[in-house]
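Hi,

Here is the model I promised to send over. Have a look at it first, and then read on for my notes.

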Amino acid sequence: MNKGSVDKGIELQWANVLESLRGEVGEDAYKSWLKPMVVREVNDGQINITVPTRFMRDWVVAHYLDKLNQLWAHENPDIKAVNVFVQPDQAAKLTSENAGKATIEAAQSQAGAAKNNGLDYQKEISAPLDPRFAFDQFVVGKPNEFAYAAARRVAEASTVPFNPLFLYGGVGLGKTHLMHAIAWHIRQRDPSRTVIYLSAEKFMYRFIRALREHNTVDFKDQFRSVDVLMIDDVQFISGKDSTQEEFFHTFNALVDQGRQIVISSDKSPSELEGVEERLKSRLNCGLVADIHATTYELRLGILQAKAEQVGVQVSPKVMEFLAHKITANVRELEGALNRVIAHAQLVGRQITLETTQEVLHDLLRANDRRVTIEEIQKRVAAHFNIRISDMHSARRARSVARPRQVAMYLAKQLTSRSLPEIGRKFGGRDHTTVMHAVRKVDELKEHDSTFAEDVELLRRMLEG
Ligand code: ADP
Ligand code: MG
């Protein structure tokens with residue numbers, strides 16, 4: 001293949017790849033994410049593609065890169081990899097071109113001059129919504145029915161039912177999905193309402209930029225002019241003093257004006273580390289809805305729904321097997337199903353239990369190996385020569401307290417248990433004790449290399 005240029009063959013392949021993707025992801029996502037991509041060069045089996053912004057690059061890489069690689073390899077076996085870069089000088093041109101076209105925002109830009117400021121702002125600030133994350137694509141079961149009902153309530157209410165709605169749960173359990181679903185629903189029902197959805201990281205980034213540019217007044221006004229503000233993964237804000245302060249003020253102002261706030265976090269308000277008490281108690285004032293770990297029934301339901309969505313026949317046996325084996329979270333479950341389907345399509349064979357086990361052998365092994373808190377306690381006790389019962393006892397002598405802290409630390413690192421759950425397994429201790437242990441071990445590791453090696457060794461043995 002020639003270097004540094006794009007020949008006709010490649011252009012044709014690209015057109016095919018895009019067409020397949022478009023069929024798969026739908027028109028909205030295609031326009032927002034795929035259309036702006038430009039193939040820049042082909043070099044030694046590597047396709048280099050550019051997009052206008054870093055955010056777009058991150059999104060495309062996270063959501064479409066596997067697919068791009070797959071489709072392109074299918075078009076042309078010489079292609080080994082697709083790379084996505086940012087081409088900033090493209091940005092000015094493309095944002096003005098794209099902004100007008102971008103899906104629902106187009107309808108909203110006609111929604112009347114009165115609200116124009118807010119809506120322009122929505123367009124500028126709000127992160128794009130994933131079209132798949134709608135209510136009708138969310139499978140409801142015991143672990144998430146409460147959070148789902150609360151989210152629906154917020155989306156459908158004409159007055160604010162509770163403020164804030166605080167969604168919390170472990171990774172990959174559907175927090176972001178529910179937030180996007182709320183946003184889709186409100187924007188569809190009433191395009192004149194300003195709905196801002198963004199990650200806490202983005203919020204922080206914007207605030208820090210405003211600080212640097214001495215623009216904080218604008219920043220505040222803008223955020224305070226929204227109807228619904230949703231901030232995802234708010235645990236990122238913890239510890240960042242000035243952002244926390246700003247978040248708190250924005251939060252209060254919005255609540256006072258009767259605007260809806262929705263927040264997600266992987267911790268409950270009281271478990272948020274480094275967050276001021278007054279912010280915690282304010283967060284606790286609305287409705288706190290947690291999403292619990294998945295159950296077998298929910299996992300099975302999700303697999304059935306996903307297989308139906310992509311129109312692929314998967315035998316009940318295979319689905320039951322997956323629901324039994326892939327238990328960590330929905331994201332991993334979805335990924336496993338996608339891999340099995342992609343494999344079957346690539347090699348043109350039926351999906352059987354055998355191929356499933358083969359395709360997923362690494363993932364299945366990792367799931368089999370998942371450590372329990374009991375194992376951690378046993379290993380750590382043996383390593384430090386103390387009794388297992390000391391993991392639960394009230395004894396505070398350093399000779400037992402330190403190993404206990406190490407075990408708590410490893411439980412936090414190696415399992416998906418929450419701090420209160422871990423505390424309970426250590427003789428009913430409080431979550432703050434666990435938090436303290438984690439911090440203490442981190443600190444000791446930094447100053448004591450022998451200790452750090454000990455902990456590392458234990459970790460490796462447990463991960464085995
Ligand atoms: P979180 O934000 O909690 O980490 P996400 O909302 O990103 O998790 O969910 C991870 C993936 O799992 C997404 O693709 C999402 O659509 C899917 N998912 C999670 N819960 C459900 C559910 N109940 N029904 C259907 N899909 C789900
Ligand atoms: Mg999320």
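A definition before the rings: I call two rings of Phe, Tyr or Trp (its six-membered ring) a pair if their centres lie within 6.5 Å. Going by that, a search of the whole structure turns up five aromatic pairs. Do bear in mind that this is a predicted model.

One of those pairs is Phe-203 with Phe-247, which is edge-to-face, at 5.7 Å centre to centre and with 85° between the planes. Distant parts of the chain are linked by this pair: Phe-203 belongs to helix α9 and Phe-247 to helix α11 (residues 241-256), 44 residues apart. Buried or exposed, these two? Phe-203 is buried, and Phe-247 is as well.

Phe-247 also pairs with Phe-251: the ring centres are 5.9 Å apart and the planes are at 40°, so this pair counts as tilted. Both residues sit in helix α11, four residues apart, or about one turn of the helix. Phe-251 is buried too, like Phe-247. Elsewhere, ring pairs tie Phe-135, Phe-138 and Tyr-148 into a cluster.

Now the sheet. Five strands make up an open sheet with parallel pairing, in the order β5-β6-β7-β4-β8.

Helix α8 (residues 175-189) lies across β4 (165-169), β5, β6, β7 (260-265) and β8, and runs at about 160° to β6.

As for the whole protein, I count 22 helices and eight strands. Of its 464 residues, 46% are buried. Among contacts between residues at least 6 apart in sequence, 74% join residues at least 24 apart. The accessible surface is about 23,100 Å², with 49% of that belonging to carbon and sulfur atoms.

Last, confidence. Mean pLDDT is 84, and 90% of the residues reach 70 or more. Over residues 89-115 pLDDT stays under 50; the model has 33 contacts beyond four places in sequence for that stretch.

Cheers

Notes
Residues numbered from 1 in each chain as written. Chains lettered and ligands numbered in written order. Predicted model: local features only at pLDDT ≥ 70, side-chain atom pairs only at ≥ 80, totals over all residues. Heavy atoms only, no water. Helix = DSSP H or I, 4+ residues; strand = E, 2+ residues; numbered from the N terminus. Buried < 20%, exposed > 50% of the residue type's maximum accessible area, 1.4 Å probe, protein only. Contact = heavy atoms within 4.5 Å. Areas by Shrake-Rupley, 256 points an atom, 1.4 Å probe, with all protein chains shown as cover. Pairing = 2+ DSSP bridges. Axes fitted to C-alpha atoms, helices over the stretch in contact; angles between N-to-C directions. pLDDT = per-residue confidence, 0-100. Phe/Tyr/Trp six-rings, centres within 6.5 Å; stacked < 30°, edge-to-face > 60°.
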